Amino acid sequence: MVKKPHAIMIPYPYQGHINPFVHLAVKLASQGFTITFVNTQFADHRISRAQSAAGGDGAADFAGARDAGLDIRYATVSDGFPIGFDRSLNHNQFVEG
């Protein structure tokens, strides 16, 4: 039995970096990869807020891909800072952390 490759994808959590990674994840999954897409809780929170206005959730980017049979999993991890911490205003502290 041949095992299919499994990629763990962790995008840099800034605007403009996540969507291209989502597209790459779907592309790899369509080529037979199992994908585990890991987002920070902060990025997931921001995405969820934006998507909740449209009726989605943080993992909604992958709902259609999963419905099509692609093996994409979604997980969140802490970046070590509370959700309310201003990462832009405290960029150096955030990057160091």
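**Ground rules.** I number residues from 1 along each chain as its sequence is written. Because the model is predicted, local features need pLDDT of at least 70 and side-chain atom pairs count only at pLDDT 80 or more, while totals for chains, interfaces and linings use all residues; side-chain values use heavy atoms, with hydrogens and water left out.

**Entry: the count.** I looked up salt bridges (a side-chain nitrogen of Lys or Arg within 4 Å of a carboxyl oxygen of Asp or Glu). The structure holds 3.

**Entry: Lys4 and Asp71.** I found these side chains joined in a salt bridge, 3.6 Å from N to O. The pair links distant parts of the chain, 67 residues apart. Lys4 sits in the segment before β1 (6–9). Asp71 lies in the loop between α3 (63–67) and β3 (72–77). I took helices (H or I, at least four residues) and strands (E, at least two) as DSSP runs, numbered from the N terminus.

**Entry: Arg73 and Asp71.** Asp71 also meets the side chain of Arg73 in a salt bridge, at 3.1 Å from N to O.

**Entry: exposure.** I checked relative accessible area next (buried is under 20%, exposed over 50%, partly exposed in between; 1.4 Å probe, protein chains only). Lys4 is partly exposed at 46%. Arg73 is partly exposed at 41%. Asp71 is partly exposed at 21%.

**Entry: Arg87 and Asp79.** Which atoms are 2.8 Å apart here? They are the closest N and O atoms of the Arg87–Asp79 salt bridge. Both residues, Arg87 and Asp79, are buried.
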